[in-house]
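Q: I would like to learn how to read side-chain contacts in a protein model. Please take me through some.

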Amino acid sequence: MVREKRDMISTSRGCGGGDMNEKPAWLERLMAETFFGACGVHEDRRKNEKNVFCLHCCLSICPHCLSSHRSHPLLQVRRYVYHDVIRLDDLEKLVDCSNIQPYTINSAKVIFLNQRPQSRTCKGPANACFTCDRILQEPFHFCSLSCKVDYMVYAGESLSDILHRFDESDFAISQFEGLRVDGGSEVIDEDTQIAPSCSYSNTEATSNSVISCEANNNVKKGKGNTFLPGIVLSLGSRRKGAPHRAPLS
């Protein structure tokens, strides 16, 4: 009897789900998996970054592996500044993403998969992530999927309230035709506009935008200033050398 109970618990933790009060294997593996590394099976192939997650096998694969997982439900993972994101439209078919702050990448809303390191925590009455204290916009409570899941587990809440039974046809291989990696895309905060006046919010802005912003500020200071990334040369204050006359013939 004890052995049968142990087998049932072991089975319930498989990729197919089971005990919804615990993290299902696919969700736990999704948050712990390392993406965008080179695929060991296709080391000699180009574009072999592992940016697809197989919900059936609970592992990351590269685009060249798709044919081996043709009948499996697949989820595409994208990347912004070394952090993994998933399209909100895809993720909310699996998990209730309410109270997680979305971001915008290439005109599509995305959710960060895991919390990101930060140099400072929220101080004062500002709205912050319940798990990692990252500053958020109202009315959101979490900055990433893992922060919401970890908070619910810590609070003893049932994950069955946020996990959905999904249709595998929504994650068919047909969605990966012409798959490409969105590696250098810009992410801006939800409902935040990038203005030419360089008025940024407290959240992330890309380094290219910052450089462009600094360039505009330097140009406004005077016509004699020339801006290069990290270097400001003042042409107006350049010292003139002694004039050289042509020899008389």
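A: Side chains of opposite charge can pair when their charged atoms come close. In this predicted model, D150 and K23 form such a salt bridge, with N and O 3.3 Å apart.

Q: Why does the pair of D150 and K23 tie together parts that are apart in sequence?

A: D150 belongs to helix α4, residues 145-154, whereas K23 sits in the loop between α1 (2-12) and α2 (25-32), so the bridge links parts that are 127 residues apart in sequence. D150 is partly exposed, at a relative accessible area of 31%. K23 is partly exposed too, at 26%.

Q: How many salt bridges does a search of the whole structure find?

A: The search finds three. One of them joins R29 to E33, whose closest N and O atoms are 2.9 Å apart. Another joins the side chains of R79 and D84, at 3.0 Å from N to O.

Q: Is E33 buried or exposed?

A: The cut-off for buried is under 20% relative accessible area. E33 has 11%, so it is buried.

Q: Now the rings. How many aromatic pairs does the structure hold?

A: It holds six. To read a pair, look at the distance between ring centres and the angle between ring planes; an angle over 60 degrees counts as edge-to-face. The ring centres of F130 and F142 are 5.6 Å apart and the planes stand at 75 degrees, so this pair is edge-to-face.

Q: Where do F130 and F142 lie?

A: Both F130 and F142 lie in the loop between β7 (108-112) and α4, and the pair ties together parts twelve residues apart in sequence. F130 is partly exposed, at 41%, while F142 is buried, at 5%. With Y151, these two residues form one aromatic cluster.

Q: What are the distance and the angle for the rings of F166 and F171?

A: Their centres are 5.5 Å apart and their planes are at 85 degrees, so F166 and F171 are also an edge-to-face pair. F166 is partly exposed, with a relative accessible area of 27%, and F171 is buried, at 0%.

Q: Which charged end sits over the ring of F171?

A: That of K93, at 5.9 Å from the ring centre. In another case, the charged end of R116 sits over the ring of F112, 3.8 Å from its centre.

Notes: Residues are numbered from 1 along each chain as its sequence is written. This is a predicted model: local features need pLDDT of at least 70, side-chain atom pairs count only at pLDDT 80 or more; totals for chains, interfaces and linings use all residues. Side-chain values use heavy atoms; hydrogens and water are left out. A salt bridge is a side-chain nitrogen of Lys or Arg within 4 Å of a carboxyl oxygen of Asp or Glu. Helices (H or I, at least four residues) and strands (E, at least two) are DSSP runs, numbered from the N terminus. Buried means under 20% relative accessible area, exposed over 50%, partly exposed in between (1.4 Å probe, protein chains only). Rings of Phe, Tyr and Trp (its six-membered ring) pair if their centres lie within 6.5 Å; planes under 30 degrees apart count as stacked, over 60 as edge-to-face and the rest as tilted. A charge sits over a ring if NZ of Lys or CZ of Arg is within 6 Å of the ring centre and within 35 degrees of the ring normal.
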